[in-house]
Amino acid sequence: MKNRTLSELSQLLRDREVSSVELAEYYLERIGRVGPELNSFISVTGEQALSQAAEADRLIAAGQAGPLTGLPIAHKDIFCTQGVRTSCGSKMLDNFIAPYDATVVEKMQQSGVVMLGKTNMDEYAMGSSNENSHYGPVSNPWNRETVPGGSSGGSAAAVAARLVPAATGTDTGGSIRQPAALCGITGLKPTYGRVSRWGMIAFASSLDQGGPMTQSAEDAAMMLNAMAGFDPKDSTSMEREVPDYTATLNESLEGVRIGLPKEYFSEGLDSGIGKVVEEAIEEYRKMGAEIVEIELPNSGLAVPTYYVLAPAECSSNLSRYDGVRYGYRCEDPKNLEDLYKRSRGEGFGAEVKRRIMIGAYVLSAGYYDAYYLKAQRLRRLISEDFHNAFEKVDVIMGPVTPTTAFRQGEKSDNPVTMYLSDIYTIAVNLAGLPGMSIPAGFSDGMPVGLQLIGNHFDESRLLNLAHRYQQTTDWHRQMPEGVE
Amino acid sequence: MVIGLEIHAQLATKTKIFSAASTAFGAEPNTQACAIDLGLPGVLPVLNREAVHMATKFGLAIDAEVAHKSVFARKNYFYPDLPKGYQISQFELPIVGIGEIEIDLENGVTKMIGVTRAHLEEDAGKSLHEDYHGMSGIDLNRAGTPLLEIVSEPDIRSAAEAIAYAKKIHSLVQYLEICDGNMQEGSFRMDVNISLRPRGQEEYGTRAEIKNLNSFRFMEKAIAYEFDRQMYILEDGGKVVQETRLYDVDKGETRSMRSKEEANDYRYFPDPDLLPCVLDNEYIESVRKELPELPNEKKHRFITHLGLSAYDAGVLTGSRELATYFEAVAEAAGGENKLAANWVMGEFSAALNKDGVSLADSPVSAEMLGGMIRRISDNTISGKIAKQVFEAMWSGEGDADVVIEKGGLKQITDSGAIEAMIDEVIAANPAQAEQFRAGKEQLLGFFVGQVMKASKGQANPSQVNKILRDKLK
């Protein structure tokens with residue numbers, strides 16, 4: 001049962017082989033038994049889940065069920081959920097019960113899914129290892145001593161260990177794709193503006209985007225069908241029709257042009273990963289795709305550009321956590337300044353404070369032009385690279401990460417090496433493009449992801465390419481040991 | 001003295017600039033603040049179309065360029081009544097560019113004052129320092145209220161000019177119906193930048209900014225105080241410090257709030273939650289078509305078409321409400337424009353003032369006043385009796401015709417009746433009649449007075465004059 005995808009479970013529900021309540025109970029039991037060891041959940045909402053499941057069963061019985069009705073999922077704890085703690089992995093919001101639902105949560109709920117709980121994450125989505133959570137690190141189910149990646153590490157580990165068949169994540173610089181790669185699952189970061197950011201706690205507003213983390217491309221398509229769409233509450237969401245992403249999964253790959261950026265296959269890439277990616281590309285060639293070498297000449301600028309812009313936005317986005325209206329407030333503040341300093345000093349973790357300081361610095365008078373403005377110009381150059389590439393190819397492929405999952409603690413003392421683990425994913429956010437990670441094999445027993453990058457709003461093509469690959473390979477059906 | 005003004009006009013939208021919460025004044029604290037206004041995690045702003053519309057109207061009214069693309073930026077600073085830790089404002093690309101405003105000074109002199117820019121921004125909440133046992137309360141009802149900040153060039157040279165400018169903007173925003181102009185409720189607030197420089201010097205002196213003045217009178221006093229203060233410092237050989245000051249209404253003085261060194265670095269940057277505000281020509285032109293007649297156009301029309309003096313036209317167009325009232329009176333009076341102007345500016349305005357009644361609540365409608373003026377012009381009543389009629393109308397005794405009929409105030413125009421009265425008066429005063437005939441012409445006034453008295457003021461004075469002259473020949 002546990003290795004079933006969303007689409008398989010959906011069929012079982014419709015065939016009345018299983019009820020939604022039974023499914024919820026089954027996965028809640030797994031979360032209770034296997035979950036604590038992985039620490040992939042911050043909150044488990046069993047009672048609410050069972051009542052949602054009972055309602056779903058009523059809908060199924062009445063023949064009013066949609067494809068997602070009754071299926072259990074988990075939300076990354078960055079999405080506001082009405083009446084449920086929404087911590088964003090931070091001590092600052094440990095006591096925060098959201099008074100409203102994020103649009104993603106609302107839409108998923110309308111599609112009939114059952115929320116089992118909220119998954120662990122790096123504090124305010126800042127991190128690549130899930131070691132920056134107030135609720136402790138998450139273990140990678142493939143090797144408990146390694147990290148699951150971040151910031152959506154809890155969602156990735158939970159799906160990989162089949163504690164839940166699918167989950168939501170968010171991706172600002174790779175936070176869906178990198179943990180998906182390290183945990184051997186499928187993760188899709190949609191085009192910026194495709195999924196509403198309303199109620200998704202902001203890290204860097206111009207880069208943040210929510211998306212599905214699943215076992216298969218088909219599941220990701222089902223999830224995206226429910227998540228995507230214009231939201232009048234989010235000015236940056238696009239007023240653009242949402243296609244049925246499941247309808248084009250089986251399109252032929254004959255003549256599809258796949259670009260391989262030579263910058264993504266140069267030094268720094270682990271040879272085991274290089275080999276897996278090359279084999280995956282070979283698979284595509286067999287399916288009729290045309291392989292083209294391309295250039296993304298400004299790739300090397302993506303990480304430094306990102307680490308100016310994302311901290312700049314976060315330094316402002318996180319100003320609201322001041323201990324005045326909600327969230328953590330220090331004991332016995334002596335005066336206003338003391339209230340601010342200690343509430344923020346005690347409520348935020350080290351990485352969050354580091355980025356706030358970097359951000360305040362790059363925006364300050366006298367440094368703005370040299371850092372923020374220059375980074376904005378580089379961002380345009382990076383976007384142009386992709387724009388030029390997409391005149392020659394339909395999709396870009398490469399590795400997701402330079403290495404497989406690293407050991408807990410290995411990079412936590414050196415922020416820059418940690419930042420470099422997002423070297424292949426960050427440019428996609430800067431350009432606002434859709435990107436995907438799918439399981440493509442193993443290196444020394446650890447999962448390796450293949451990255452697919454599409455043109456703006458070309459999610460259908462990415463899902464089509466991913467699905468066809470998953471029809472001829474079974475990497476995505478592999479499960480770690482010890483999660484029985 | 002060199003002065004520049006920053007005026008914050010609260011835009012009269014129903015809802016806030018980035019949320020759907022109401023902007024109504026006076027509600028219980030924090031009852032008109034939604035998740036967006038409270039700055040909860042995960043909320044996002046959505047720009048209020050109406051606020052953009054109002055800012056566009058203002059820009060067109062001052063002949064400024066309305067930007068095809070303006071950008072919202074975040075002004076970052078910490079304060080308890082600033083929920084997000086930043087204010088959404090416009091910085092590098094404001095919605096309204098350079099424009100100008102003509103102000104009226106004494107003796108019919110006018111002067112052009114440049115407007116540097118006007119930009120949209122959100123207001124902050126309010127900190128309440130009373131009644132919390134040493135703690136402060138926060139009311140976020142006002143947070144997110146749309147403001148249009150109107151920044152003038154440093155073209156102003158005196159308190160009188162500053163007031164004329166501020167009043168002109170105050171009147172303009174009400175003409176445009178984009179601000180209710182209510183100064184007690186804080187809908188119209190002024191910051192004054194003042195510096196001094198010796199005559200002949202080109203470059204400006206160091207300025208001080210007096211923040212948050214909400215009355216023209218306080219602004220006048222604050223400028224006078226600040227002028228003296230800076231003059232003292234400079235005459236003593238000292239230097240004015242660039243700083244922000246507050247005007248203490250009770251003490252009648254300004255005091256320092258924070259100096260430039262303590263000033264925040266606001267770390268402005270474009271707000272990534274909002275797209276640039278893009279307005280095309282078609283939109284801007286459609287707004288231009290909606291513009292009402294503006295004060296200066298109206299004033300000009302009153303002079304050229306209605307034959308009013310520049311002074312009268314200036315007073316009557318001082319507010320859109322008064323101008324509208326006057327025009328209705330003039331129309332009801334059948335084109336007796338000057339008479340209508342005199343009555344509106346004279347008896348009518350005096351009565352409003354005396355009873356502290358607003359124009360909207362006036363017991364005498366424009367139709368009633370115009371109807372009364374028509375009775376003056378058709379000789380039904382004299383100007384003197386008209387005052388009596390007006391008072392009766394004011395105290396609710398009905399319109400002019402009713403009052404005249406009931407009080408028997410109709411002017412006597414029957415020559416026979418007037419002749420009879422005159423004959424009686426002459427007969428009763430033979431000595432004076434003799435003197436008049438002997439050449440003492442100033443006695444005519446005496447006879448007119450006697451006849452008017454006999455007629456209880458109702459005889460037509462010009463007829464009385466004419467007949468008296470004939471009879472006394």
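Domain bounds come from an automatic or database domain assignment. The structure is a predicted model, in which local features need pLDDT of at least 70, side-chain atom pairs count only at pLDDT 80 or more, and totals for chains, interfaces and linings use all residues. Residues are numbered from 1 along each chain as its sequence is written, while chains are lettered from A and ligands numbered from 1 in the order in which they are written.

**Exercise 1. Domains of chain A**

State which domains chain A has and how they touch.

Solution. 
Step 1. The assignment gives domain 1 (6-254) and domain 2 (302-374) of chain A.
Step 2. Taken over C-alpha atoms, the centres of domain 1 and domain 2 of chain A are separated by 28 Å.
Step 3. Two residues are in contact if their C-beta atoms, placed from the backbone, lie within 7 Å. The contact takes 21 residues from domain 1 of chain A and 17 residues from domain 2 of chain A.

**Exercise 2. Overall form of chain A**

Determine how compact chain A is for its length.

Solution. 
Step 1. Chain A has 16 helices and 11 strands; helices (H or I, at least four residues) and strands (E, at least two) are DSSP runs, numbered from the N terminus.
Step 2. The radius of gyration is taken over C-alpha atoms, and the globule rule is 2.2 Å times the number of residues to the power 0.38. For chain A the radius of gyration is 21 Å, close to the 23 Å that the rule gives for 484 residues, so chain A is as compact as a globular protein of that length.
Step 3. Along the principal axes, the C-alpha atoms of chain A fill a box of roughly 65 × 55 × 45 Å.

**Exercise 3. A sheet in chain B**

Give the strand order of the open sheet of 3 strands in chain B, and one bridge in it.

Solution. 
Step 1. The order is β4-β3-β14 (chain B), with antiparallel pairing; two strands pair if DSSP finds at least two bridges between them.
Step 2. Strands β4 (86-90) and β14 (269-270) of chain B are the edge strands, each pairing on one side only.
Step 3. Strand β3 (residues 72-76) of chain B pairs with β4(B) over 5 bridges. The bridge partner of B:Lys75 in β4(B) is B:Gln87.
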